[in-house]
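This report goes through one chain, topic by topic. Please keep the sequence and the structure in view while reading.

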Amino acid sequence: MRTILVTGPGGSGRTTVAAATALAAARDGRRVLLLTGDPLDGLADADARLTVRRLDPAAHFRAELLALQERVAAVLEVLGAARLDEDELTELPGSDHFAYLAALGDAARADHDLLVADLPPLRDAVALLALPGQLRRYLRRLLPPERQAARALRPVLAQLAGVPMPADALYRAAAERDAELAVVQELIEAPTTSVRLVVEPGPSTNGALRTARSGLALHGLALDPVVANRLLPATSPDPWLAALADRQRGHLKELYEDGVPAVRELPHLGRDPHGADDLADLARLGDLTPGAPVPAPRWPVEDRRDTDGVLVWRIPLPGATKPGLGLVRRGDELVLTVGPFRRVAPLPSALRRCTVAGAALRDGELLVRFRPDPGLWPRTP
């Protein structure tokens, strides 16, 4: 299944572009599923091949909490706790991320040719896409699967002071969550998945786009052509509108010069798009019909240097700058920070006794040098 994840700065028109992309693909003969958190009245009736599923984070939060309450009902009764009713539950901050993950998991199991997901604004979207891998890492650290082998010894160990053993139910719950997260992570990291960034050229566009590109590359996600939205006509008899268009074209030129692989220009309709006809016009004018995904950058690329035995990780980070870059070695893991984004990468066994000899940012790549300790990594003759 082809998947397009649409995001962009707040107010850039990402929901409109997502809807136009989905409608264009449906009218092209594909079976399309559109996930969105915003109302799109009448779009589902525009084409029989298009299914629109609107996310409801509040309903998902209530359902999850009530289900958890049922699972621990016996414990609550022992404690004498008062159970919560559905009508008194209000979603907590951040719960919309888990609603998105659940919706993406359901979509991964659905039978469609194309999934178009209208994600939250840029920074939240990159964090959301990294969340399945991060949560799975937390589960493995807190409840290592290999410790389940000690189940047979648990009754004996439970009688020994200072040796707590988690209950089987805890491991089962962790395994179920890990399996659910694995489905979403596989969907996000699949070679048929890419991220479509929507921007409206302006003073802050390039900085936001550079940050997004480096954040996506940090997590190994493929980037679709960037959609430059709401472009004003290049010529106009109105001096005020002509000056505004000239400034916008200047920012668009900077976008091209900033190394973005491809840009699709989407004109301003002179009004807010409304209805299937306007969306179809936008898809046609901006060529939004999904194409083949661009391969994601490999992360990292290993390069063994025979001259001095140093191994270099070449990590693609287009758009990254030195002021917003951080690198820390913690045990058997490497913690990379690019602006507001972070990735924790486990080191392969060959590098776990190596030291980080240095790092440098060159031409959109982070070069991390690992030097082996004497006697642990024989040099190539």
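## An aromatic pair

Trp313 and Phe370 are both buried, where buried means under 20% relative accessible area, exposed over 50% and partly exposed in between (1.4 Å probe, protein chains only). The model is predicted: local features need pLDDT of at least 70 and side-chain atom pairs count only at pLDDT 80 or more, while totals for chains, interfaces and linings use all residues. Residues are numbered from 1 along each chain as its sequence is written, and side-chain values use heavy atoms, with hydrogens and water left out.

A pair of aromatic rings is described by the distance of the centres and the angle of the planes. Rings of Phe, Tyr and Trp (its six-membered ring) pair if their centres lie within 6.5 Å; planes under 30 degrees apart count as stacked, over 60 as edge-to-face and the rest as tilted. The count by this rule is one aromatic pair. Trp313 and Phe370 form it in the edge-to-face manner, at 5.5 Å centre to centre and with 65 degrees between the planes. The pair links distant parts of the chain, 57 residues apart: Trp313 belongs to strand S9 (residues 311-316) and Phe370 to strand S14 (residues 365-372).

## Nonpolar cores

A nonpolar core is a set of buried Ala, Val, Leu, Ile, Met, Phe, Trp, Tyr and Cys residues joined through side-chain atoms within 4.5 Å. The largest one has 56 residues, and Leu35, Leu197, Trp313 and Phe370 touch the most other members. Helix H5 supplies six residues, the largest share of this core. A second, separate core has 25 residues, including Leu34, Leu50, Ala276 and Leu288.

## The whole chain

The chain has ten helices and 14 strands. Helices (H or I, at least four residues) and strands (E, at least two) are DSSP runs, numbered from the N terminus. Of the 381 residues, 40% count as buried. Among contacts between residues at least 6 apart in sequence, 65% join residues at least 24 apart.

The predictor's confidence in each residue is the pLDDT, from 0 to 100. Its average over the chain is 82, and 86% of the residues score at least 70. Confidence is lowest in helix H6 (residues 154-157), with a mean of 52, and highest in S4, with 96. The pLDDT is below 50 over residues 377-381, a stretch with ten contacts in the model beyond near neighbours in sequence.

## Strand S1

Strand S1 (residues 2-7) is largely enclosed by the rest of the structure, because six of its six residues are buried. Both faces are covered: Arg2, Ile4 and Val6 are buried on one side, and Thr3, Leu5 and Thr7 on the other.

Two strands pair if DSSP finds at least two bridges between them. S1 pairs with strand S4 (residues 114-118) in the parallel sense over five bridges, and the partner of Arg2 in S4 is Leu114. Five bridges also join S1 to strand S5 (residues 193-199), again in parallel. There, Leu5 stands opposite Val195.

## A three-stranded sheet

Three strands make an open sheet in the order S10-S11-S12, with antiparallel pairing. Strand S10 (325-330) and strand S12 (341-346) are the edge strands, each pairing on one side only. S11 (residues 333-338) is joined to S12 by six bridges; in one of these strands Leu334 has Ala345 of S12 as its bridge partner.

Helix H5 (residues 122-142) packs on the sheet and touches S11 and S12; its direction makes about 35 degrees with that of S12. Helix H8 (residues 205-218) also packs there, touching S11 and S12, at about 20 degrees to the direction of S12. Axes are lines fitted to C-alpha atoms, for helices over the stretch in contact, and angles run from 0 to 180 degrees between N-to-C directions.

## Residues in loops

Arg353 lies in the loop between S12 and strand S13 (354-362). Arg353 counts as exposed because its relative accessibility is 59%.

Most residues other than glycine have a negative phi. Asp363, in the loop between S13 and S14, has a positive phi near 50 degrees. With 83% relative accessibility, Asp363 is exposed. Asp287 also has a positive phi, near 50 degrees, and is partly exposed at 47%.

Key
Contact means heavy atoms within 4.5 Å.
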